Amino acid sequence: MPSIFSYQSAEVDWCESNFVRSAVIAEYYNTISNVSFFLLSPALLYLNRQYCQKKAVPLYFVSGLLILVGLFSMYFHMTLSYVGQLLDELSILWTLAVAYSFWYPQAYFPKCIKTRYDQRDTVRKSQNSPLSWSCLCFWISDRWLCWLWQAINFPYFHSFWHVLIALSLLYCCPLVIYFDVSYEMPSFKPKLEYWPSDSWPVVVPYVTLEEPHKQC
Ligand SMILES: [Zn+2]
């Protein structure tokens with residue numbers, strides 16, 4: 001019986017062929033594509049630094065966990081070990097649980113459905129639906145259409161999923177921060193800004209804080 005740490009002891013094996021590009025990395029592209037998580041965390045912290053200065057714990061915690069998600073996912077796809085699979089799946093659940101515990105109870109999400117126009121506009125602007133849908137399609141197609149991707153010699157959709165899910169979080173987190181400031185930090189007014197600038201065709205949203213009372 002193989003050890004739970006041994007190579008290929010996991011229950012899942014993704015579409016990418018194993019040990020093609022390296023003798024020690026089972027799924028090469030699925031492993032290296034997790035670098036996107038190491039870029040995501042510092043980007044979130046840097047762009048939303050005003051929020052972090054006022055309320056450091058949630059974003060630091062979630063960013064730290066996202067680095068762990070990247071690390072454990074790398075370990076999993078490198079070894080395809082059972083422990084790797086558990087760590088990969090558990091770290092995602094930890095991150096979701098921590099994010100919910102910091103943000104969900106205070107954000108009063110049901111109220112967002114009845115939100116004012118400007119907040120609906122914020123939701124629309126900071127959501128990137130094509131990105132979210134592509135994530136989902138890539139994950140599903142890697143599982144279900146693997147025979148097709150192997151036939152055309154392009155079994156890399158799970159690595160695209162890694163990159164796109166990190167990108168989606170870059171768009172989703174400012175939205176959560178925006179509502180946290182709206183509902184929980186009444187002395188500040190959140191403002192959605194775009195990096196590198198408003199006029200660029202592709203932008204990354206982030207939140208700055210205005211102090212409305214100081215203008216009086
Ligand atoms: Zn993965």
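Let's start with helix α2: its buried residues are Phe 37, Leu 40, Ser 41, Leu 44 and Leu 47. Seen down the axis of α2, they fall within an arc of 150° (taken from the directions from the helix axis to the C-beta atoms), so they line one face of the helix. Here, "buried" means that 20 or more other C-beta atoms lie within 10 Å of a residue's own, "exposed" means 12 or fewer, and partly exposed is in between, with C-beta atoms placed from the backbone.

This is a predicted model, where local features need pLDDT of at least 70, side-chain atom pairs count only at pLDDT 80 or more, and totals for chains, interfaces and linings use all residues. Residues are numbered from 1 along each chain as its sequence is written.

**More on α2**
- Pro 42 and Tyr 46 are exposed, on the face of α2 turned away from its buried side.
- The buried residues of α2 pack against α4 (56-79), α10 (157-184), β1 (189-195) and β2 (204-210).

**The whole protein**
- You'll find 10 helices and 2 strands; these are DSSP runs (helices H or I, at least four residues; strands E, at least two), numbered from the N terminus.
- Of the 216 residues in the protein, 32% are buried.

**UniProt's transmembrane regions**
- An unreviewed UniProt entry lists "transmembrane region" for residues 28-47, 59-78, 90-109, 130-152 and 158-181; positions use the numbering here, feature names are shortened, and annotations may be inferred rather than shown by experiment.
- Residues 28-47 are 90% helix and 0% strand, with end C-alpha atoms 31 Å apart.
- Residues 158-181 are 100% helix and 0% strand, and their end C-alpha atoms lie 35 Å apart.

Key. Two residues are in contact if their C-beta atoms, placed from the backbone, lie within 7 Å.
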